Amino acid sequence: MYIATLSLLSLTYAKTLIITGGKPQGQGQVVQNVPQQSVPGQQAVPGTDRPSNVPICDFYTQKIFGQNNAENQLKLLTKLVNTVVIGNYTAGTTVPGVVGILAPVVVNGERVDLSGFFNGQLQTTNVGGVASKVNFLDGGGADPLKLDQPANNQNSNQFRLLTHLYSFFGGAIGCSDKQFPPYTGNPSMLETHRFMNLNANQLAFFTQQLGLAAKSFGVADGDIAIVANVMNTVFNVRCAQPSSPFPPLAGIQSFCLGTGCPLAQNPDPACAQTQVNTLPAPQGQITPSQPQQTNTGSDRPSNVPICDFYTQKIFGQNNAQNQVKLLTKLVNTVVIGNYTAGTTVPGVVGILAPVVVNGERVDLSGFFNGQLQTTNVGGVASKVNFLDGGGADPLKLDQPANNQNSNQFRLLTHLYSFFGGAIGCSDKQFPPYTGNPSMLETHKFMNLNINQLSFFTQQLGLAAKSFGVADADIAIIANVMNTVFNVKCAKPSSPFPPLSGVQSFCLGNGCPLAQDPDQVCVQTGAVGGGVGNNPITNGQTPGTATPIKCRPRKI
């Protein structure tokens, strides 16, 4: 049985945008431009060869089937949706990891199996306001889908669901032919899914499969990013206000209701105060101490910073010395993997371990062992060995290095202070971060891509989980990583003291655009001011979770 491990990357991502790939609009609104004829010289959507005035559906229908009409648009959506449901079945598609949403997987160490929502096992379908058991595989299951059909008969629940999905996603990506069948289901996605209690991990997996299925048919990473962006800001959130992302949708569209669900941008205040879910920090700002009365999803009071709470919980007393102990344990584990007795969370291999992400090898060790000329030393790309203080051995002893004069000591202590500031270590004796205040400047020569940053973020989340940090608090950390740092073209910000300047440092392939990006950066592509010798050049689906399908070496 295929078991995929998903990173925390997909918990949160970017801002609403779809159909033509124009400038971001307000959260909760998908802007569906009126289809136009492509104009010679029309600027292409970044990361694609699609003119920005041509809807995604129209462009790929023409590209794949040779003619853009309703019949071919329906063929495209049938291929796409059927693949999302059952996995790759089309000859010639070679994108790995397209297992289909009915396959059991592991997400952030938790088992995810969506099949019960489809086979009638679970009483989660909204039938006239009543939670009901409905078998949506009663029309032949996978067999007709492999023949590019929705079901083996038109009277089945399967036929109704699949044809609704074709129309829904066709509307979402701008199928413009007036003969394309319109979506006729419930206009509120919250009402449609209200009894399913879907959590962030489940929706991460669905979004991943949607992106990988699209990629398998040649959809460009830039367009996949747009679709993933909408999924993760319009639907995969909680407490959104009513919106109409595309006709005929109306009402509340956000339907992430379970554990780890991020709060929508501009949320409904009443929902935000009462609904039981995660409250992540807003994009561009880390707020370790929120003035809220409850922080459901964990047992941490919302006015207590993450660092202070877990320092007290783990070490019995919240002071600077213990805060440094906490950050030392956390960062050392992120770097070399689990080394503490009693920690049982799987997959904590450390960022120095080689892994496979989206079918591509990721090996970050070259950035640390001096092999790559990617360290910013006074504005010059340089080779620096950050493992010159004993490597893993002192880290296993809860030390940064075996001497204080090494690059390793300087890097590790900077990381302790950086992440301590990020999660709100409040003791005034906690050592402040004294490195470069701009994360872009710090990483500008590394040319990091989305797969590499996905792996780092995953290891950060799993390391935190291994020490008992609640999923809700991990979601807050992941949210900050994926909206402040793991993006491109962000405007200058100060997420926590003493950071200032541009913080986004995803500069390679597949990097999603920041919310409210710097328009000069967007238009010119000048996101980094320099490139390093990064051996990874083939990025994959941004905004989606990614399976790590190798067995990484053990530390």
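Analyst: Happy to! Contact here means heavy atoms within 4.5 Å. By that rule, and not counting residues up to four places away in sequence, Asp138 touches Asn153, Ser156, Asn157 and Gln158. Before we go on, this is a predicted model, where local features need pLDDT of at least 70, side-chain atom pairs count only at pLDDT 80 or more, and totals for chains, interfaces and linings use all residues. Residues are numbered from 1 along each chain as its sequence is written, and side-chain values use heavy atoms, with hydrogens and water left out.

User: Thanks! Where is Asp138 found?

Analyst: Asp138 sits in the loop between β5 and α3 (142-146). Those labels are DSSP runs, numbered from the N terminus: helices are H or I with at least four residues, and strands are E with at least two.

User: Is Asp138 buried, exposed or partly exposed?

Analyst: Asp138 has a relative accessible area of 33%, so it is partly exposed. Buried means under 20% relative accessible area, exposed means over 50%, and partly exposed is in between (1.4 Å probe, protein chains only).

User: And how far apart are the C-alpha atoms of Asp138 and Asn155?

Analyst: Their separation is 9.5 Å, and along the chain Asp138 and Asn155 are 17 residues apart.

User: You mentioned β5. How does it pair with β4?

Analyst: Strand β4 (residues 119-127) and strand β5 (residues 130-135) are antiparallel partners, joined over 5 bridges. Two strands pair if DSSP finds at least two bridges between them. Thr125, for example, has Ser132 in β5 as its bridge partner. The two strands form a hairpin with 2 residues between them, and Gly128 in the turn has a positive phi of about 60 degrees.

User: New topic: which residues of α1 are buried?

Analyst: They are Ile56, Cys57, Asp58, Phe59, Tyr60 and Thr61. Their cover includes α2 (70-86) and α7 (221-235).

User: What does Thr61 touch?

Analyst: Leaving out residues up to four places away in sequence, Thr61 touches Gly66, Gln67, Asn68, Asn69, Asn72, Gln73 and Leu76. Thr61 is buried because its relative accessible area is 0%.

User: What about α9? Which of its residues are buried?

Analyst: In helix α9 (residues 306-315), the buried ones are Ile306, Cys307, Asp308, Phe309, Tyr310 and Thr311. They pack against α10 and α16 (471-485). Just after α9, Gly316 has a positive phi of about 85 degrees.

User: At what angle do α10 and α15 cross?

Analyst: Helix α10 (residues 320-336) and helix α15 (residues 450-466) cross at roughly 135 degrees, and their axes come within 9 Å. Axes are lines fitted to C-alpha atoms, for helices over the stretch in contact, and angles run from 0 to 180 degrees between N-to-C directions. The two helices are therefore oblique to each other. Angles under 35 degrees count as roughly parallel, over 145 as roughly antiparallel, 65 to 115 as roughly perpendicular and the rest as oblique.

User: And which residues in α10 and α15 meet?

Analyst: Leu330, Thr333 and Val334 in α10 meet Phe456, Gln459, Leu460, Ala463, Ala464 and Ser466 in α15.

User: Last one: how do α15 and α16 cross?

Analyst: Their axes come within 10 Å and cross at roughly 160 degrees. That makes α15 roughly antiparallel to α16.
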